[in-house]
Amino acid sequence: MLGKLKTRLLRTHNAIMGGLESVLGSESRLSSLDALEEALVSSDVGARVAGEIVDGLKDSLHLGKDAVASRMRDMVYLMIKDVEAPLDVSVGGPPFVIMVLGVNGVGKTTTIGKLALRLSLEGKSVIIGAADTFRAAAIEQLEIWGERARCPVVKHAHGADPGAVVFDAVKSAVARKADVVILDTAGRLHTKTNLMEELKKIKRAAGKEVSGAPHENLLVVDASTGQNALSQAKLFNEAVGVTGIAVTKLDGTAKGGIIVPIARELKIPIRFIGVGEAAEDLKDFSARDFVDALI
């Protein structure tokens, strides 16, 4: 995984290391720390975290590049290590119910498909609930993934009540003795209904059939949107309580550092990272691998 992650985070890595080289190559290293701080901020680690990192490096600038980079790696690792927590679908249910959240365009439906395929290959029986009834393309996309993962997709007509889809999906999983239910949800509504209220309704619908469901509220955010990803995480967490995060589209962006402020400020487990389009590119988040690829 590390090799591919390094490739995907290369632009972010180059930006940060370029900032570090500017500092170490300057006659006045302390006064040139702004270059490194700017590189960190542009990589979306956030101004506060960037300031902390720069302050923590001031007394080691007399050392060589490798030593300074090693110190920076250790600092960032300590900031994010506590959110490394792979998803465990054996701790609730059965069925273990996953409600997947996120605004349109972050890769939510694709993440659901990859997760369903992954769980299916692990020998789990999976049912997908197509509860984003406001976007017909989402339902069609899930059906394609359902065929690939060989798992049924419970759907209603376009525009149907999402809560009814959720109820039927969970009820079907109970009847079939399925291991996992993955519920897609809307990222935007085509009505005047408030999105967060709709999500709360869906959450209640899941709990009617299985006690404690949903067992996981998995939020999908797009790394390339930078600080917007952090804002979305805060909003969804306040509304429905996010229990895990998947960070997608780490490939091809210079903003991979967004994982750091998400971990530092929210302290919500990061379950997965997306490093490419292929199904196998949905990876468990490893704090050490991430830091080694970043710096």
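## The aromatic pair

The structure holds one aromatic pair. (Rings of Phe, Tyr and Trp, the last by its six-membered ring, pair if their centres lie within 6.5 Å; planes under 30 degrees apart count as stacked, over 60 as edge-to-face and the rest as tilted.) The partners are F285 and F290, in a tilted arrangement with 5.9 Å centre to centre and 55° between the planes.

How buried is each ring's residue? F285 is buried, with a relative accessible area of 3%, and F290 is buried too, at 0%. Buried here means under 20% relative accessible area, with exposed over 50% and partly exposed in between (1.4 Å probe, protein chains only).

## Where these values come from

This is a predicted model, where local features need pLDDT of at least 70 and side-chain atom pairs count only at pLDDT 80 or more, while totals for chains, interfaces and linings use all residues. Residues are numbered from 1 along each chain as its sequence is written, and side-chain values use heavy atoms, leaving out hydrogens and water.

## The sheet

Eight strands make an open sheet with mixed pairing, in the order β3-β2-β4-β1-β5-β6-β7-β8. At its edges sit β3 (153-154) and β8 (282-284), each pairing on one side only. Strands are DSSP runs of E, at least two residues, and helices are runs of H or I, at least four, numbered from the N terminus; two strands pair if DSSP finds at least two bridges between them.

Take β6 (residues 244-248) and β7 (residues 270-274): they run parallel, joined by three bridges. Here I245 stands opposite I270 in β7.

## A charge over a ring

R288 lies over the face of Y77, 3.8 Å from the ring centre. That label needs NZ of Lys or CZ of Arg within 6 Å of the ring centre and within 35 degrees of the ring normal.
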